[in-house]
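Here is my note on the model, point by point. Please read it with the structure open.

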Amino acid sequence: MGDLTATAPELEAFRDSVRIAVKRFDAPSTEAWETDRHVPREALASLAAQGLFRERWAPGAYGGLGHMAVLVEELFRCNGGLALAAMGHCEVFIGALTRHGSGPAHAQLLDDALSGRAVGCLAATEPQGGTSLAGIRCRAVAVADGDGDGDGWHLTGTKRYISNIGSATHALVLARADSAQEAADLCLFVVPVDAPGVTLDGFFDSSGVRSCDVGQLTLDVRLPAHALLGRRGLGLLYASHLLQFERLAICALLLSGAEWALELAAGYARFRHIEGGRVMDKQVIRHRLALARADLWNLQSRLADIIAFAGREQAMPPHQISALKLTAGQRVGEIADMAMQIFGARGNTSAFPLERLWRDCRIARIGGGTDEVLADVVASSLDRPDRTADEFIAAAAAADQPVPALRRLR
C-alpha cells in the first residue's frame, strides 16, 4: 500500500460509493440497532463487501485520511453507532495490522479484516485505570504454547468500555508482559474473542451512540506466539500512534454531526413562522446560526489542513489533532444544543434526529481522550523554552523601572 494523497474527484467518487453502500441500511434497520444497542457484524461486512475499507487503505495510512474522513462523515449521517464501530475496525484494528503485523497469520487476518470476514476493536481501558494506558494491569506471561511454534502467551485481566465488542471477532489487547529476564513492559496482542478463556461479561447501557455496544471482557487465555503484534515493549507507543487516527476520525464524526444539526436548524428556521414572520428573520436566531456556520467552516478547514499535512509529511501532528478534537467537541455540542433550542419541544422528540445527534456527539468529549487529557497535551506544547519570548520578557522585565519623580513633574 502506497501513501499518495487522494484528489478531490477521487474523494467525491468515494463519497458516492459510501452513500450507495449505506442505502442498504433503511430506517427500520438502524432503529432496530438503537433498540437492540448493537450494530450487527453483517453491517460492517456489507461495507467491506463494497470495498470501502480497501479503498480507504489503498493510498496508505496517511494518504487515505481523506477517505477516512469521508467514510466517517457519511456513516455518521446514517447511524452514529455504525460510524463508531467502523472507525474502530478500520482506523485502529486494520491500522494496527497494516503497520505492525508480520508473518502469514497477520497477513491473513488483515485480508479478513479488509474483506469483512473479521471485525476488530480495541480493548485498552481497565476498571481501575480509566483511560490511563500507563496504569494497565492486564498481564501477559510468556509460556510454552504446546504446538511446537515456540513460546506463547498467557493473558489475564479485565478490560471494559470496549466499543463494538459484541460484533467483534478479535480484540486488540494492551497487556503488561512479565518475565524473569526482562522488566515489565506493555505489549499489543491480537486476541480472538471466541478463544477459550475469553469471557464477555456483559454490556454497559450508554446514553449516546446506543447502537454501538460497549462491553467488558475477562481474560484468562492462552495465545500462540504470533498473537503478539509488533515488537515486545512497544505496545504503549503503538497504541499512542493509533490513538491519533482515532482522534482524527472522531473529529470528522463530530463535524459531520454539527453540519447535519446546523442544516436542520437553518431549514426549520426558514420553515417555522411565528408572529407573522419566519424564525429565520429574528436577528438573534439569524446571528446564532451565522456564528455556528462560521465556526464550523473554520473547524472543517482545520481538519482538511491536518489531513493535508499528514499526507505531505507522512506523520501525524498529535498536538494539533488534540487541539482540534478539544475545540470541536465543545463547539459541536453547543451547535447541537442550539439546534435543539431552535426546534423547541420538537427538538427533544424522536421524530427529529437532534436529540440523538446531541447524545451521540457528547461521548466524543470522553472517548479517544477526555477534554482534560487533550487540554494537557495542548498545554505541553506551551510549557517549553521559547528563546525569542524568553529573551524579550527578560529584557522588558529588566527595563521595567519607575520613572524618576522630577522627570515626571517636568
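1. Q401 sits in the loop between α13 (387–399) and α14 (405–409). Helices (H or I, at least four residues) and strands (E, at least two) are DSSP runs, numbered from the N terminus. Q401 is exposed, with a relative accessible area of 55%. Exposed means over 50% relative accessible area, buried under 20%, and partly exposed in between (1.4 Å probe, protein chains only). From Q401 to W57 the C-alpha to C-alpha distance is 62 Å, and 344 residues separate them in sequence.

2. A word on the source. This is a predicted model, in which local features need pLDDT of at least 70 and side-chain atom pairs count only at pLDDT 80 or more, while totals for chains, interfaces and linings use all residues. Residues are numbered from 1 along each chain as its sequence is written, and side-chain values use heavy atoms, with hydrogens and water left out.

3. Overall layout. The protein has 14 helices and ten strands. Its C-alpha atoms fill a box of roughly 90 × 70 × 40 Å along the principal axes. Of the 410 residues, 48% are buried. Residues 24 or more positions apart account for 73% of them.

4. The core. Which residues have the most contacts inside the largest nonpolar core? They are L47, L155 and F189, in a core of 124 residues. Such a core is a set of buried Ala, Val, Leu, Ile, Met, Phe, Trp, Tyr and Cys residues joined through side-chain atoms within 4.5 Å. Helix α8 (residues 235–271) gives the largest share of this core, 20 residues. Leaving aside residues up to four places away in sequence, L155 touches R139, A140, V173, A175, F189, V191, L219, D220, V221 and L223.

5. The α8 and α9 pair. Their axes come within 10 Å and cross at roughly 155°. Axes are lines fitted to C-alpha atoms, for helices over the stretch in contact, and angles run from 0 to 180 degrees between N-to-C directions. α8 is therefore roughly antiparallel to α9, a label for angles over 145 degrees. The crossing is left-handed: the near helix is turned anticlockwise from the far one by less than a right angle. Residues of α8 in the contact include L248, L255 and E259, and those of α9 include L289, R293 and Q300. By class, the contact has 17 nonpolar, one polar and two charged residues. Here Ala, Val, Leu, Ile, Met, Phe, Trp, Tyr, Cys and Pro count as nonpolar, Asp, Glu, Lys and Arg as charged, and the others, Gly among them, as polar.

6. The α6 and α7 pair. Helix α6 (residues 80–100) and helix α7 (residues 103–115) have axes that come within 9 Å and cross at roughly 155°. They too are roughly antiparallel, and their crossing is left-handed. H89, F93, I94, L97 and T98 of α6 meet H106, L109, L110, A113 and L114 of α7. This contact has seven nonpolar, three polar and no charged residues.

7. Helix α3 (residues 41–49). Its buried residues are A43, L44, S46, L47 and A48. They pack against α1 (8–22), α2 (27–36), α4 (52–57), α5 (65–78), α6 and α7. L47 is also among the core residues with the most contacts. After α3 comes G51, with a positive phi near 80°.

8. Two backbone angles to check. Most residues other than glycine have a negative phi. Y161, in strand β3, has a positive phi of about 55° and is not a glycine. Its relative accessibility is 45%, so Y161 is partly exposed. Q314 also has a positive phi, near 55°. Q314 lies in the loop between α9 and α10 (318–343) and is partly exposed at 31%.

9. A buried loop residue. Is N164 buried or exposed? N164 is buried, with a relative accessible area of 1%. Its place is the loop between β3 (151–163) and β4 (170–178). Not counting residues up to four places away in sequence, N164 touches V39, L44, A85, V119, C212 and D213. L44 is one of the buried residues of α3.

Technical notes. Contact means heavy atoms within 4.5 Å. Angles under 35 degrees count as roughly parallel, over 145 as roughly antiparallel, 65 to 115 as roughly perpendicular and the rest as oblique.
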